[in-house]
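Here is a brief report on one protein model.

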Amino acid sequence: MDDIKELLLKRMNQHHLGSEAIASQVCYSINQIAEGRFEAIRYKNGVLTVTVPSSSAASDLQGGMSALKIRLSQRVSPNRIIRIIIKTK
């Protein structure tokens, strides 16, 4: 299975799609963790941008940021997410 993963990653990088594939994987994983509380809309260069429906939801998310970062590091590579930006819809 690792051989297939390495081959796919190599091919995607040849076509300059490696970073887009990683961003897609990160956003997908984050949205599974979110369970509807927030939505990952962008990931680039270690910065994850999420949206929340209201300012109170943003405050709740900000308050639980350390626990969220722990869960995220378990789901994706530990040092992949450097910063999280929270935006309201």
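Asn45 is exposed, with a relative accessible area of 67%. In this predicted model, Asn45 sits in the loop between S1 and S2. Its phi is positive, about 50 degrees, although Asn45 is not a glycine.

Glu35 also has a positive phi, near 50 degrees, and is a residue other than glycine. Its place is the loop between H2 and strand S1 (39-44). Buried or exposed: which is Glu35? Glu35 counts as exposed because its relative accessibility is 63%, and the cut-off for exposed is over 50%.

## Helix H3

Helix H3 spans residues 55-63. Ala57, Ala58 and Leu61 are its buried residues. Viewed down the axis of H3, they fall within an arc of 100 degrees, so they line one face of the helix. An α-helix has 3.6 residues a turn, so residues three or four places apart point the same way.

Which exposed residues does the face turned away from the buried side of H3 carry? They are Ser55, Ser59, Asp60 and Gly63. The cover over the buried residues of H3 includes strand S2 (47-52), helix H4 (65-75) and strand S3 (83-88).

## Helix H4

Met65, Leu68 and Leu72 are buried in H4. Around the axis they cover an arc of only 60 degrees, which puts them on the same side of H4. Ser66 and Gln74 are exposed, on the face of H4 turned away from its buried side.

What covers the buried residues of H4? The cover includes H2, S2, H3 and S3. H4, in turn, is part of what covers the buried residues of H3.

## The largest pocket

The largest pocket holds about 320 Å³ of space. Its lining is made up of Lys5, Leu8, Leu9, Met12, Ala21, Ile22, Gln25, Arg75, Val76, Ser77 and Arg80. By type, these residues divide into six nonpolar, two polar and three charged.

Two helices each supply at least two residues of this lining: H1 (2-14) and H2 (18-34). Which element gives the most to the lining? H1 does, with four residues.

Conventions:
Residues are numbered from 1 along each chain as its sequence is written. This is a predicted model: local features need pLDDT of at least 70, side-chain atom pairs count only at pLDDT 80 or more; totals for chains, interfaces and linings use all residues. Side-chain values use heavy atoms; hydrogens and water are left out. On a 1 Å grid over the protein atoms alone, a cavity is a set of points where a 1.4 Å probe fits but cannot get out, and a pocket is an open set with protein on both sides within 12 Å along at least five of seven lines; lining residues have an atom within 4 Å of a point. Grid points are joined across faces, edges and corners, and a volume is the space filled by probe spheres set on the points. Ala, Val, Leu, Ile, Met, Phe, Trp, Tyr, Cys and Pro count as nonpolar, Asp, Glu, Lys and Arg as charged, and the others, Gly among them, as polar. Buried means under 20% relative accessible area, exposed over 50%, partly exposed in between (1.4 Å probe, protein chains only). The arc is that of the directions from the helix axis to the C-beta atoms. Contact means heavy atoms within 4.5 Å.
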